[in-house]
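The entry is shown next.

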Amino acid sequence: MPEESFVMNSRVERSLAYMVAAIILLSIGSLFAVLVGVNSGLSGDDFTQGVWPTVVILPLIGLPIGFVLIIVLLVVSAVRRGRAATDASH
């Protein structure tokens with residue numbers, strides 16, 4: 001039974017880590033796209049058309065979600081290590 005819960009926790013941790021990486025990389029990429037757009041001469045009105053509103057808003061939403069997911073990953077990892085230590089001592 002402990003090995004089954006270890007595999008499940010490992011899968012949860014791996015999924016959380018991939019979600020964190022994807023969200024943060026996507027947010028940083030869109031932030032970089034906005035910086036490139038501003039440096040290439042786009043004005044404020046140009047960011048209200050097409051896909052630009054999504055690109056501008058994504059870091060404002062994605063980075064806090066990524067931060068919360070990092071904290072969740074740390075808590076899940078700490079709980080798993082605590083349970084593993086408890087199981088090893090018995």
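Which residues in α2 are buried? They are V55, P59, G62, G66, L69, S77 and R80, where buried means under 20% relative accessible area, exposed over 50%, and partly exposed in between (1.4 Å probe, protein chains only). The model is predicted: local features need pLDDT of at least 70, side-chain atom pairs count only at pLDDT 80 or more, and totals for chains, interfaces and linings use all residues. Residues are numbered from 1 along each chain as its sequence is written, and side-chain values use heavy atoms, with hydrogens and water left out.

**Helix α2**
- V68 is found in helix α2, which comprises residues 52-89; helices here are DSSP runs (H or I, at least four residues), numbered from the N terminus.
- The 38 residues of α2 should span 56 Å at 1.5 Å a residue, and the end C-alpha atoms are 55 Å apart, which agrees; the expected span is 1.5 Å times one less than the number of residues.
- A kink of about 35° lies at L58, shortly before the proline P59; the bend is the angle between axes fitted to the seven residues ending at a residue and the seven starting there.

**Salt bridge**
- A search of the whole structure finds 1 salt bridge, defined as a side-chain nitrogen of Lys or Arg within 4 Å of a carboxyl oxygen of Asp or Glu.
- The side chains of E13 and R80 meet in a salt bridge at 2.6 Å, N to O.
- E13 lies in helix α1 (residues 2-39) and R80 in α2, so the pair ties together parts that are 67 residues apart in sequence.
- E13 counts as buried at 14% relative accessibility, and R80 is buried at 18%.

**Aromatic pair**
- The whole structure contains 1 aromatic pair; rings of Phe, Tyr and Trp (its six-membered ring) pair if their centres lie within 6.5 Å, with planes under 30 degrees apart counted as stacked, over 60 as edge-to-face and the rest as tilted.
- F47 and W52 form an edge-to-face pair, 5.0 Å centre to centre with 90° between the planes.
- F47 is buried at 13% relative accessible area, whereas W52 is partly exposed at 23%.

**Surface patch**
- F67, V68, I71, V72, V75 and V79 form a nonpolar surface patch with about 500 Å² of accessible area together.
- Patch residues have over 30% relative accessible area and no salt bridge; like charges are joined within 9 Å, nonpolar side chains (Val, Leu, Ile, Met, Phe, Trp, Tyr) within 5 Å.
- Accessible areas come from the Shrake-Rupley method with a 1.4 Å probe, and for residues only the protein chains shown count as cover.
- V68 is partly exposed at 48%.

Methods
Helices (H or I, at least four residues) and strands (E, at least two) are DSSP runs, numbered from the N terminus.
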